[in-house]
Amino acid sequence: METISIVDSKKYVDKKVKIGVWLTNKRSSGKIAFLQLRDGTAYFQGVVVKSDVSEETFALAKEVKQEESMYVIGTIHEDARSHFGYEIEIEDIEPVGASKDYPISPKDHGTDFLMDHRHLWLRSKRQFAIIKIRSELIRATYAFFHKEGFVKFDAPILTGSAPEGTTELFHTEYFDKDAYLSQSGQLYEEAGAMAYGKVFSFGPTFRAEKSKTRRHLIEFWMIEPEMAFTHQEESLEIQEKYIAYLVQSVLDNCQYELKLLGRDPKVLQRYTKLPYPRISYDEAIELLQKSGDFPDVKWGKDFGSPEETYLAEHFNKPVFVLNYPKAIKPFYMKPHPTRKDVVICADLLAPEGYGEIIGGSERATDVAYLEKQIEKAGLDKADYQWYLDLRRYGSVPHSGFGLGLERAVTWITGEEHIREAIPFPRLLNRIYP
Ligand code: ATP
Ligand code: MG
Ligand code: MG
Ligand code: MG
């Protein structure tokens, strides 16, 4: 008899196996007990028939408590009625760890209660499906960028200067100096691109976002590719290919998880068809003005959630918005060759109301221009000499972008709120557990 995981049931139909499980729920009568079980790989049902097992085993099945752990021994059968498709007919139970008064009952709980119990809430089906899809997106990210010839190049998390203004920065001490938690690894990725051509980082990012929205976390994970000898158009091609690859990987490898979430694969299939539409910021402003729903929208304004939602809904697909006003974008973006007031950049907006999932740009290469921009942004020139060196020694056109992992998870899983997309969310009012 082999010890297996639930997810491998398919290979053991009609065979006797042993599985380590927790009880999520149960139902029983005088003659039969149905145990809902999980082992971290899937959820399925165990059936205990009184007339087929010892008295002791049936008594255990009737008494087992929610989240108690045990080994079950029995035979795998198909079960067409369940999402998973298999069940186990239990012959024997070996108790492992007791559980008394599990706080999360099958009834409804409020968000705060669930967030206070996040360490336990993670065991539930929906959270399982989301975290598994998150894990698949990470796997697919590494697979995609390695396949495309990128080098994994890690940026530091502790930094000595503030790249994009100070209001959203976490400050800390670094011995007798000041330090900040990284808001983006991008400037370092540019050094990586000049050294190794195509690089990407994947790491935690920290922003003291003072607003409560369903898209902003205080701590989130970002994927930041950077490419030498690359203009914006080629960067957009890599971006859409990457997003389509992520969606396709979930469609191929997470069918069970999508079923648990009730997420329609047909909707996701739409997002694997390339190319994604591209519109300019100017055209976006026109569309918003024509709609009549945005009386305050004016050229020069950054988009918030309602504007981004409207634009992506208009195309019913992810859409690139190109070349935003220089005044609302960071200092390092390449100025447009013929229009002084815009920079060469693009945001990718996700449909279904999920907003910006990627922000990217071509990077400025002119040292004098960058020096002026650094000064204008109120940053200390001395902090950026290493960055300017990248332009002093064999500068080339280069582009890059940043994808927020949790934004992608929220969108692909169809969740309401980004707090579900990371195991332990850090929010404006929450750093526990
Ligand atoms: P937004 O306009 O939504 O605040 P941003 O323009 O400030 O985003 P960027 O600095 O362009 O974000 O960062 C790149 C990507 O990181 C974004 O496209 C998004 O996917 C993700 N991101 C940014 N801020 C957050 C956050 N607070 N929580 C989760 N993901 C985020
Ligand atoms: Mg922001
Ligand atoms: Mg933005
Ligand atoms: Mg952005």
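This is a predicted model: local features need pLDDT of at least 70, side-chain atom pairs count only at pLDDT 80 or more; totals for chains, interfaces and linings use all residues.
Residues are numbered from 1 along each chain as its sequence is written, while chains are lettered from A and ligands numbered from 1 in the order in which they are written.

I begin with the overall picture. The C-alpha trace of the protein chain spans about 85 × 55 × 40 Å along its principal axes. Its secondary structure comes to 13 helices and 17 strands; helices (H or I, at least four residues) and strands (E, at least two) are DSSP runs, numbered from the N terminus.

How is the chain divided into domains? The assignment gives domain 1 (2–97) and domain 2 (118–421), with bounds that come from an automatic or database domain assignment. Their centres, taken over C-alpha atoms, are separated by 44 Å. Five residues from domain 1 and five residues from domain 2 make the contact, where contact means C-beta atoms, placed from the backbone, within 7 Å.

Strand β2 (residues 16–28) pairs with strand β5 (residues 69–78) in the antiparallel sense over seven bridges; two strands pair if DSSP finds at least two bridges between them. Within this pair, K18 stands opposite I73 in β5. On β5 we also find an antiparallel pairing with strand β6 (residues 86–97), over 10 bridges, in which H77 stands opposite E87.

Next comes an open sheet of eight strands with mixed pairing, in the order β7-β11-β12-β17-β16-β15-β14-β13. Because β7 (151–152) and β13 (278–280) stand at the edges, each with a single partner strand, one side of each is left without a neighbour in the sheet. Strands β15 (residues 345–350) and β16 (residues 355–362) pair in the antiparallel sense over six bridges, and A350 has G355 of β16 as its bridge partner.

Which residues are closest to ligand 1? They are H216, F220, G359, G402 and G404, in a surrounding group of 17 residues; a residue counts as near if its C-beta atom, placed from the backbone, lies within 6 Å. The largest share of this shell, five residues, comes from β16, and β12 (219–228), β17 (398–404) and α13 (405–413) are among the elements that each supply at least two.

Nine of its nine residues are buried, among them A408 and W411. The helix is followed by G414, whose phi is positive, near 75°.

Together with V321, A408 has the most contacts inside the largest nonpolar core, which has 66 residues. Such a core is a set of buried Ala, Val, Leu, Ile, Met, Phe, Trp, Tyr and Cys residues joined through C-beta atoms within 7 Å. Helix α6 (residues 232–253) gives the most to this core, with seven residues. Apart from this core lies another, of 25 residues, including A42, Y43, F44 and V48. In soluble globular proteins, nonpolar side chains tend to be buried together.

Key:
Two residues are in contact if their C-beta atoms, placed from the backbone, lie within 7 Å. A residue is buried if 20 or more other C-beta atoms lie within 10 Å of its own, exposed if 12 or fewer, and partly exposed in between; C-beta atoms are placed from the backbone.
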